[in-house]
Each structure stands twice: as structure tokens, then as C-alpha cells.
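Colleague: Please take a close look at a single part of this model. Then set out, in one connected account, how the rest is arranged around that part.

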Amino acid sequence: MPDRNHEFGRLGARGTRGSELVARRLDALVDFIITPVTTPRGLLARLHYLTTSPKAMKAARAAGLTVTDRTLKAWLAGTQNPSKTNLERIEQAYRTVRRHNVARHLLKRLNSSGGTRVEIHPLDQSRVSAPHRRTLEYRHINVRRWDHIVTAWTTSDSHALDDAWTTGVLPDLGSQWGQYEYVTNIGFAA
């Protein structure tokens with residue numbers, strides 16, 4: 001029975017943890033603000049998103065935006081610029097609040113019609129010597145319950161997301177599920 005890979009890449013295989021690719025794909029499904037936070041337009045858009053209502057402001061504070069109201073007003077007015085550290089905090093708070101706000105809708109779309117079909121591309125073995133290569137194929141799986149995956153993604157908990165993906169979804173591939181813990185791509189739509 002396969003288990004988690006402990007020495008991935010030792011023989012030259014390349015790939016990324018499937019759970020990380022799932023998180024990237026979920027991020028791609030969310031309409032985040034495209035303009036970088038380092039530009040005035042991007043900064044103002046994020047600050048407006050985080051400060052338009054008391055509920056949004058409370059969520060922003062919980063997500064790590066812990067500056068005073070006076071500082072926030074100065075940033076919004078453009079009379080003061082946030083430091084690099086504060087820009088990172090603003091970006092992180094924005095992404096956290098945005099994920100939380102869209103999670104329910106996204107979960108509904110992913111779970112509708114009996115789940116979402118996921119395409120899994122195997123790892124890259126081009127650098128693995130011939131005697132050590134495995135025969136791997138593209139796999140398709142229908143993920144019926146996304147609750148644990150989306151919850152872990154919403155809270156940016158990479159360990160819980162990896163556990164939800166690796167122990168909750170991959171075993172449905174059968175006895176060879178361990179070969180798909182590291183992959184080159186995971187694709188799905190919602």
C-alpha cells in the first residue's frame with residue numbers, strides 16, 4: 001500500500017505537491033484585484049475592500065491588519081504610504097478576507113451536480129534514469145465533497161489542505177494513489 005513520499009526527487013523526479021496546486025487553482029477561480037498592492041490604485045482598491053463596512057474591517061483586523069484608524073485614513077487619503085511590511089500585511093489581509101467572502105459560493109459551485117471533475121497530470125520523470133521510471137498516466141477523478149479542502153484553503157492552512165487532499169481525495173484513485181501526491185498540474189473548473 002503506498003504511503004506519503006518522504007524522499008521525493010531523490011532519483012530526479014520533479015513535481016509539486018498536489019495540495020499546493022489545488023490551492024493555486026482555487027486562487028485562480030477567485031477574482032482577486034489584479035493591480036499590485038505596490039501601486040496607488042492597487043493599494044486603494046484593497047483598502048476600500050477591507051474598510052467599507054464594520055464587518056469587513058473586523059475581518060481585516062482578525063486577518064492581521066492592526067494599524068490605527070488614523071493611519072488607515074492617512075493611507076486612504078494618500079497623505080502617508082505604508083511600509084513594505086504593512087503592504088504585505090494589507091495584501092495578506094485582503095486575500096484572507098476575500099477567500100472567506102467567496103468560500104461559500106465557491107464551495108456551492110464545486111459541490112454542485114455531484115462534484116467537480118479534476119484532471120491530474122503525473123509528475124515529470126524526464127530526469128529519472130530508465131530503470132527507475134514508473135508508468136504514469138493522466139488521471140481523472142470526480143471530487144464530490146470539497147468542504148475540508150475549501151475550509152483549509154480559506155484559512156491558508158497548508159497542512160490541513162495537504163491532509164484533506166492526500167488522505168481525503170487521492171485514495172479514490174485506487175492502490176496507486178501515492179504516485180500522484182506530487183504532480184505537474186491539477187486542473188478543474190467551477
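Modeller: I start with Tyr138, which counts as exposed because its relative accessibility is 55%, and the cut-off for that class is over 50%. Everything here refers to a predicted model. Tyr138 sits in the loop that runs between strand S2 (116-121) and strand S3 (139-143). Its C-alpha atom lies 7.2 Å from that of Glu119, although the two residues are 19 apart along the chain. When residues up to four places away in sequence are set aside, Tyr138 touches Ile120, His121 and Pro122.

Helix H1 (residues 18-29) and helix H7 (residues 158-168) pack with their axes 8 Å apart, at an angle of about 110°. H1 is therefore roughly perpendicular to H7, the range for that term being 65 to 115 degrees. From H1 the contact takes Gly18, Ser19, Val22 and Ala23, and from H7 it takes Leu161, Asp162 and Trp165. Sorted by class, the contact of H1 with H7 has four nonpolar, two polar and one charged residues.

Ser19 is worth a separate word. It lies in helix H1 and, not counting residues up to four places away in sequence, touches Leu161, Asp162 and Trp165.

The axes of H5 and helix H6 (residues 147-154) come within 10 Å and cross at roughly 160°. The two helices are therefore roughly antiparallel, as that term applies to angles over 145 degrees. The crossing of H5 past H6 is right-handed. On the H5 side the contact involves Arg99, His100, Val102, Ala103, Leu106, Leu107, Leu110 and Asn111, and on the H6 side Asp147, Val150, Trp153 and Thr154. This contact of H5 with H6 divides by class into seven nonpolar, three polar and two charged residues.

The loops that follow these two helices each hold a residue with a marked backbone angle. Ser113 is in the loop between H5 and S2, and its phi is near 55°, a positive value in a residue other than glycine. At 78% relative accessibility, Ser113 is classed as exposed. Ser156 is in the loop between H6 and H7, and its phi is likewise near 55°. With a relative accessibility of 38%, Ser156 counts as partly exposed.

Another helix pair remains. Helix H2 (residues 40-51) and helix H4 (residues 69-77) pack at about 140°, with their axes 10 Å apart. That angle makes H2 oblique to H4. H2 passes H4 in a left-handed crossing, whereas the crossing of H5 and H6 is right-handed. In the contact of H2 with H4, Leu44, Leu47, His48 and Thr51 of H2 face Leu72, Trp75 and Leu76 of H4. The residues of this contact are five nonpolar, two polar and no charged.

As for the whole chain, it has seven helices and five strands, in the order β-α-α-α-α-α-β-β-α-α-β-β along the sequence. Its C-alpha trace spans about 65 × 40 × 25 Å along the principal axes. Of its 190 residues, 42% are buried. Among contacts between residues at least 6 apart in sequence, 72% join residues at least 24 apart.

Notes. Residues numbered from 1 in each chain as written. Predicted model: local features only at pLDDT ≥ 70, side-chain atom pairs only at ≥ 80, totals over all residues. Heavy atoms only, no water. Axes fitted to C-alpha atoms, helices over the stretch in contact; angles between N-to-C directions. Helix = DSSP H or I, 4+ residues; strand = E, 2+ residues; numbered from the N terminus. Parallel < 35°, antiparallel > 145°, perpendicular 65-115°, else oblique. Left-handed = near helix turned anticlockwise from the far one by under 90°. Contact = heavy atoms within 4.5 Å. Nonpolar A, V, L, I, M, F, W, Y, C, P; charged D, E, K, R; others polar. Buried < 20%, exposed > 50% of the residue type's maximum accessible area, 1.4 Å probe, protein only.
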